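Keep the sequence and the model side by side as you read.

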Amino acid sequence: MSKQQIIQLNDKTYIIDAFRGKQGFMILTRVTKYVFPFLKFWGNPNVEDETVVSELSSLLAGENASEVFDIIVELMDAVTVNGSKINFDVEFEQNYDTLLKLTYEVLKLNYLESFQRLVTNAK
């Protein structure tokens, strides 16, 4: 059974399913250049969600915005809300803070432990 995480946001219950091996690695190869800046946040309990959301938002303003958008849409495939697959256009209409928070949580669930082990073993 895959790992899951349950998140409550705006009176909704979101369930994030961990990626399977191949899918997770294929996504990892595409997000690595965006994930590494977030290593400073992971494992740091003093970082506010707003800081993370701000950093994610800055990615969307750069020249890679289209690629980042495609990755975020793909990451949301791992999330269900109230027992149903997310309808991206409906769920995140004027609700982009939830989208960015869920993006962060999907990345954290799937890659946090691996990156922590890599950083620890590199020292």
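Two strands count as paired if DSSP finds at least two bridges between them. Strands (E, at least two residues) and helices (H or I, at least four) are DSSP runs, numbered from the N terminus. This is a predicted model, where local features need pLDDT of at least 70, side-chain atom pairs count only at pLDDT 80 or more, and totals for chains, interfaces and linings use all residues. Residues are numbered from 1 along each chain as its sequence is written, and side-chain values use heavy atoms, with hydrogens and water left out.

Start with the hairpin. S1 and S2 form it, with 2 residues between them. In the turn, asparagine 10 has a positive phi of about 50 degrees. S1 covers residues 4–9 and S2 covers residues 12–17; they pair in the antiparallel sense over 6 bridges. Within this pairing, isoleucine 7 has tyrosine 14 of S2 as its bridge partner.

Now move across the sheet. S2 also pairs with S3 (residues 79–81), again in the antiparallel sense, over 3 bridges. Here isoleucine 15 stands opposite threonine 80. In total, 4 strands form an open sheet in the order S1-S2-S3-S4, with antiparallel pairing. S1 and S4 are the edge strands, each pairing on one side only. Strands of a sheet pair through backbone hydrogen bonds.

S4 consists of residues 84–85, and serine 84 lies in it. Is serine 84 buried, partly exposed or exposed? Serine 84 is partly exposed, because its relative accessible area is 41% and that class lies between buried (under 20%) and exposed (over 50%), for a 1.4 Å probe and protein chains only. Serine 84 and tyrosine 14 are 70 residues apart in sequence, yet 9.3 Å apart in space, C-alpha to C-alpha.

Next comes the core. A nonpolar core is a set of buried Ala, Val, Leu, Ile, Met, Phe, Trp, Tyr and Cys residues joined through side-chain atoms within 4.5 Å. The largest one has 27 residues. Those with the most contacts inside it are Tyr14, Leu75, Met76, Val79, Leu102 and Tyr111. S1, S2, H1 (21–35), H3 (65–75), S3 and H5 each supply at least two residues of this core. H5 gives the most, with 7 residues.

Look at H3. Its residues Val68, Ile71, Ile72 and Leu75 are buried. Methionine 76 touches Phe88, Phe92, Leu99, Leu102, Thr103 and Val106, not counting residues up to four places away in sequence. Contact here means heavy atoms within 4.5 Å.

Two asparagines remain. Asparagine 95 is found in the loop between H4 (88–91) and H5. Asparagine 95 is buried, with a relative accessible area of 14%. Leaving aside neighbours within four places in sequence, asparagine 95 is in contact with Asn10 and Tyr14.

Asparagine 110 sits in H5 (residues 96–122). Asparagine 110 is also buried, at 16% relative accessible area. With residues up to four places away in sequence not counted, asparagine 110 touches Asp17, Ala18 and Phe19.
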